[in-house]
Amino acid sequence: QDLNRVPGFMAFFCSASEDAVQAHSERVWALQLLLHGCIDEHCFTLVAACHAPELIMSHAESLMRHGSARGSSHGSSHGGSFVNLERELMGVWNALRGMLNGGQKRAVHHLVSKLGLLTWLSCEVAMRSDILASPRIFISLLDLVHEAAMGACNFPDSYTSSTNYLCEIRNLIAGLVSVASRKLGMMDEAEAEAGETIETSEVLKRFMRTIRTLGDVVSATVSAEANVDGEARTVQATFVPPGHHGQSLEIRDVAWLLKQTASGADLAS
């Protein structure tokens, strides 16, 4: 009977081990199972049947909330606990990306349309942006958003042209721009302390690709420019909704609007 589901996933992801290290290892193994095991729509049907997407999204939310509450910035707290948090959070992003890629249309419809993956990510970026101080987490998140946006580009116009969806995409772009601008200047220092080598250009490359693809979802034009000269590192972007040629909206204005309307969210650069 277990072969009609995802063998071992629930037992490992919801580990009953009292050893924290063992429980962490089992959760990571379960996430890798989803990443490498979801290779077609039939596989995704089995994954969805045990509510794995909802479960790991809830887990990611808990991880980000824990990281924010403990003030776990990449530059000031890079102990073993943060390394484990980073590994699991990246595991969730990668597992969701693997489902979107392998599960094809069925996975895209279930995750993006039914579960509101892009909307959920927008909220998490707005409320838990401090945990994205890790360049590795940020890159993994950008890859997930890009994969979801690529799938959403195939949604019917009647869905993507709605005002609500346009606002959701704009808000997600605003959040990513704000995080990129705020964290860009910290990345070299964070990498040095962590002993990592992640080129700033690679982060910017993924970032630019992602926000342009998000614009394509709603037929909007998104342009961005990064200034990485000297100590002043900033990211500026504009968002031109469809049918509003020449009426670009500065991302800074979007961030200000979000700050006024989103409880507890501070996206101001």
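User: Where is Q104 found?
Analyst: Q104 is found in helix α5, and please keep in mind throughout that this is a predicted model.

User: What is the phi of Q104 near?
Analyst: The phi of Q104 is near 55°, which is a positive value in a residue that is not glycine. As background, most residues other than glycine have a negative phi.

User: And how accessible is Q104?
Analyst: Q104 has a relative accessible area of 43%, so the residue is partly exposed.

User: What about H51, where is its place and what is its phi near?
Analyst: H51 sits in the loop between α3 and α4, the latter covering 52-69, and its phi, also a positive value in a residue other than glycine, is near 60°. H51 follows α3, and because its relative accessibility is 48%, H51 counts as partly exposed.

User: Staying with α3, what caps its N-terminal end?
Analyst: The cap is D40, which places a side-chain oxygen 3.2 Å from the backbone nitrogen of H42.

User: Which residues of α3 are buried?
Analyst: Within helix α3, which runs over residues 41-49, the buried residues are C43, F44, L46, V47 and A48.

User: Which residues of α2 are buried?
Analyst: The buried set of α2 consists of A23, H24, E26, R27, V28, A30, L31 and L34. Of these, E26 is joined to S15 through a polar contact of 2.6 Å between the two side chains.

User: Where is S15, and is it buried or exposed?
Analyst: S15 is placed in the loop between α1 and α2, and because its relative accessible area is 18%, under the 20% cut-off, S15 is buried.

User: What does S15 touch beyond its sequence neighbours?
Analyst: If residues up to four places away in sequence are not counted, S15 touches A23 and E26.

User: New topic: how many aromatic pairs are there?
Analyst: The count comes to three aromatic pairs. One of them is F9 with F13, a stacked pair whose ring centres are 5.4 Å apart, with 15° between the planes. Both residues belong to helix α1, which covers residues 9-13, and they are four residues apart, about one turn of the helix. F9 and F13 are both buried.

User: How are the rings of W93 and W120 arranged?
Analyst: Their centres are 6.1 Å apart and their planes stand at 65°, so the pair is edge-to-face. W93 lies in helix α5 and W120 in helix α6, residues 117-127, so this pair ties together parts that are 27 residues apart in sequence. Both tryptophans, W93 and W120, are buried.

User: How many residues has the largest nonpolar core, and which have the most contacts inside it?
Analyst: The largest nonpolar core has 74 residues, and those with the most contacts inside it are I56, W93, L96, L117, L118 and L176. Helix α5, spanning residues 80-114, gives the most to this core, contributing 14 residues.

User: What is L176 in contact with?
Analyst: Leaving aside neighbours within four places in sequence, L176 is in contact with V125, F138, L141, L142, V145, F207, T210 and L214.

User: How many disulfides are there?
Analyst: The count of disulfides comes to zero. As for individual cysteines, C123 has a relative accessible area of 37%, so C123 is partly exposed, and C153, at 32%, is partly exposed as well.

User: Last one, on the whole chain: how many helices and strands are there, and what share of the residues is buried?
Analyst: The protein chain has twelve helices and three strands, and buried residues make up 50% of its 269 residues. Among contacts with a separation of 6 or more, 71% are between residues 24 or more positions apart.

Methods:
Residues are numbered from 1 along each chain as its sequence is written. This is a predicted model: local features need pLDDT of at least 70, side-chain atom pairs count only at pLDDT 80 or more; totals for chains, interfaces and linings use all residues. Side-chain values use heavy atoms; hydrogens and water are left out. Buried means under 20% relative accessible area, exposed over 50%, partly exposed in between (1.4 Å probe, protein chains only). Helices (H or I, at least four residues) and strands (E, at least two) are DSSP runs, numbered from the N terminus. A disulfide is a pair of cysteine sulfur atoms within 2.5 Å. A nonpolar core is a set of buried Ala, Val, Leu, Ile, Met, Phe, Trp, Tyr and Cys residues joined through side-chain atoms within 4.5 Å. Contact means heavy atoms within 4.5 Å. A polar contact is a pair of N or O atoms within 3.5 Å; within protein, one must be able to donate a hydrogen and the other to accept it, and residues adjacent in sequence count only if both atoms are side-chain atoms. Rings of Phe, Tyr and Trp (its six-membered ring) pair if their centres lie within 6.5 Å; planes under 30 degrees apart count as stacked, over 60 as edge-to-face and the rest as tilted.
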